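Please keep the sequence and the coordinates in view while reading.

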Amino acid sequence: MDRLHVTFVDKEGAEHTFEASAGDNLMDIAQAEDLEMEGACGGSCACSTCHVIVEDPEKYDAIPEPSDDENDMLDLAFGLTETSRLGCQVKMAKEIDGIKIRLPSMTRNMQAGDFKGSKKS
């Protein structure tokens, strides 16, 4: 089976490239690799804490359209962009092999009622 590749750009701008299998979702990959992605609802598309920004518009267009539920949650995301998606809803496929994903500087967890940012003390 072919291995696919995904690159995450973290909040500090550092790039991290990982191998993944077709069907793996971006949230699970990020969490397995200890990147900072909360996923408060456990991947059930009920929050926006796994919000990611797809860096390449062509790769974004190759991802299946977001569901109404995903769009509703994205409306709550901090720093929403034209290429924003929820990491739990984007599954790796050969069409998006090599995709580059930027993690936003902050996420909004409506369940906890707070903002999580990357403020350094």
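## Terms and basis

Two strands pair if DSSP finds at least two bridges between them, where strands (E, at least two residues) and helices (H or I, at least four residues) are DSSP runs numbered from the N terminus. This is a predicted model, in which local features need pLDDT of at least 70 and side-chain atom pairs count only at pLDDT 80 or more, whereas totals for chains, interfaces and linings use all residues. Residues are numbered from 1 along each chain as its sequence is written, and side-chain values use heavy atoms, with hydrogens and water left out.

The model contains an open sheet of 5 strands, arranged in the order 2-1-5-3-4 with mixed pairing. Its edges are strand 2 and strand 4 (84–86), each of which pairs on one side only. On average, and with direction ignored, neighbouring strands of this sheet are turned by 35° against each other, the axes being lines fitted to C-alpha atoms (for helices over the stretch in contact) and angles running from 0 to 180 degrees between N-to-C directions.

Strand 5 (residues 99–102) pairs with strand 1 in the parallel sense over 4 bridges, and isoleucine 99 in strand 5 is the bridge partner of valine 6. With strand 3 (residues 51–54), strand 5 runs antiparallel and is joined by 2 bridges; here isoleucine 101 in strand 5 is the bridge partner of valine 54. In a regular strand the side chains alternate between the two faces of the sheet.

## The aromatic pair

A search of the whole structure finds 1 aromatic pair. Phenylalanine 8 and phenylalanine 18 form this pair, which is tilted, with 6.2 Å centre to centre and 50° between the planes. The pair links distant parts of the chain, as phenylalanine 8 lies in strand 1 (residues 4–9) and phenylalanine 18 in strand 2 (residues 15–20), 10 residues apart. By definition, rings of Phe, Tyr and Trp (its six-membered ring) pair if their centres lie within 6.5 Å, and planes under 30 degrees apart count as stacked, over 60 as edge-to-face and the rest as tilted.

Phenylalanine 8 counts as buried because its relative accessibility is 0%, and phenylalanine 18 counts as buried at 14%.

## Histidine 51

Histidine 51 is found in strand 3 and counts as buried, at 3% relative accessibility. Its side chain reaches the backbone oxygen of phenylalanine 78 at 3.3 Å. Leaving aside neighbours within four places in sequence, histidine 51 is in contact (heavy atoms within 4.5 Å) with residues including Leu74, Phe78, Leu86 and Pro104.

The structure holds 0 disulfides, a disulfide being a pair of cysteine sulfur atoms within 2.5 Å. The sulfur of cysteine 41 is too far for a bond, because the closest cysteine sulfur, in cysteine 47, is 3.8 Å away. Cysteine 88 is likewise in no disulfide, the nearest cysteine sulfur, that of cysteine 50, being 3.8 Å away. Cysteine 41 is buried, with a relative accessible area of 18%, and cysteine 88 is buried, with a relative accessible area of 4%.

How values were computed. Buried < 20%, exposed > 50% of the residue type's maximum accessible area, 1.4 Å probe, protein only. Polar contact = N/O pair within 3.5 Å; in protein donor to acceptor, adjacent residues only side chain to side chain.
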